[in-house]
Amino acid sequence: MLWIFLLALSATIDSWAVGMAYKVQNIQIPTLAKWMISLVSGVTAGIALVFSNLLREVVPMVAIQRLGGILLILMGIKALWQIKTERKQPNYDRDFSKKIEMWEAIWMGMLLSLDSFCVGIGLMPYGSCAYAFPPLVAAFTIGFLMLSQRISYQKFLDYVAGLILVAAGVCTIFI
């Protein structure tokens with residue numbers, strides 16, 4: 001269960017970075033939009049688990065375990081690479097209103113949850129504990145979006161998130 005918690009934390013840390021970037025740019029994310037982003041992220045993580053469960057009916061569990069481990073490692077490497085290349089946060093404020101509207105929040109939630117989707121696919125070997133992942137993703141996403149308005153972003157957390165994903169992937173493949 002600890003891995004599920006850490007993976008949800010790692011998969012959602014981007015929402016804190018995006019929230020901080022928007023704070024600096026004076027782009028508001030209203031509370032309702034934050035909740036929508038969180039909901040979309042949690043639902044997307046749940047869809048990944050359902051997809052993984054369906055995949056289990058067709059593909060042997062060992063193959064899913066290997067695929068999941070590889071996905072987790074790739075997500076970790078991607079996170080670490082983005083730190084190295086100093087990726088600029090995308091601007092989801094499509095109408096340049098300096099406020100995230102509901103339709104922009106849905107789009108933002110879908111894009112922020114891509115990491116959660118990939119991680120969710122890799123969680124099927126964890127059994128019924130994996131079903132804690134979607135609510136944790138939703139909770140961490142709203143939490144990070146709220147915290148981004150109050151606490152400054154610490155870049156070292158991106159390194160920790162990437163390393164957790166890589167470690168979980170290695171453990172999923174070899175343990």
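**Aromatic pairs and a nonpolar patch**

At 7% relative accessibility, W16 counts as buried in this predicted model.

Visitor: Which class does the pair of W16 and F144 fall in, by the angle between its planes?
Guide: The ring centres of W16 and F144 are 5.6 Å apart. Their planes stand at 5°, and planes under 30 degrees apart count as stacked. The pair is therefore stacked.

Visitor: How many residues apart in sequence are the parts that W16 and F144 tie together?
Guide: F144 is buried, with a relative accessible area of 8%. W16 belongs to helix 1 and F144 to helix 6, so the pair ties together parts whose separation in sequence is 128 residues.

Visitor: How many aromatic pairs does the structure hold, and what is the geometry of the one between F5 and F140?
Guide: The structure holds four aromatic pairs. One of them joins F5 and F140, at 5.1 Å centre to centre and 70° between the planes. Planes over 60 degrees apart count as edge-to-face, so the F5 and F140 pair is edge-to-face.

Visitor: Is F140 buried or exposed?
Guide: The relative accessible area of F140 is 15%. Buried means under 20%, so F140 is buried.

Visitor: Which residues do ring pairs link into a cluster?
Guide: F5 lies in helix 1 and F140 in helix 6, 135 residues apart. Ring pairs link a cluster of F5, W16, F140 and F144.

Visitor: Which helix gives the most to the nonpolar surface patch?
Guide: The patch consists of L32, M102, I106, W107, M110, L111 and L114, with about 610 Å² of accessible area together. M110, partly exposed at 39% relative accessible area, lies in helix 4. With five residues, the largest contributor is helix 4.

Technical notes. Residues are numbered from 1 along each chain as its sequence is written. This is a predicted model: local features need pLDDT of at least 70, side-chain atom pairs count only at pLDDT 80 or more; totals for chains, interfaces and linings use all residues. Side-chain values use heavy atoms; hydrogens and water are left out. Patches are made of residues with over 30% relative accessible area and no salt bridge: like charges are joined within 9 Å, nonpolar side chains (Val, Leu, Ile, Met, Phe, Trp, Tyr) within 5 Å. Accessible areas come from the Shrake-Rupley method with a 1.4 Å probe; for residues, only the protein chains shown count as cover. A salt bridge is a side-chain nitrogen of Lys or Arg within 4 Å of a carboxyl oxygen of Asp or Glu. Helices (H or I, at least four residues) and strands (E, at least two) are DSSP runs, numbered from the N terminus. Buried means under 20% relative accessible area, exposed over 50%, partly exposed in between (1.4 Å probe, protein chains only). Rings of Phe, Tyr and Trp (its six-membered ring) pair if their centres lie within 6.5 Å; planes under 30 degrees apart count as stacked, over 60 as edge-to-face and the rest as tilted.
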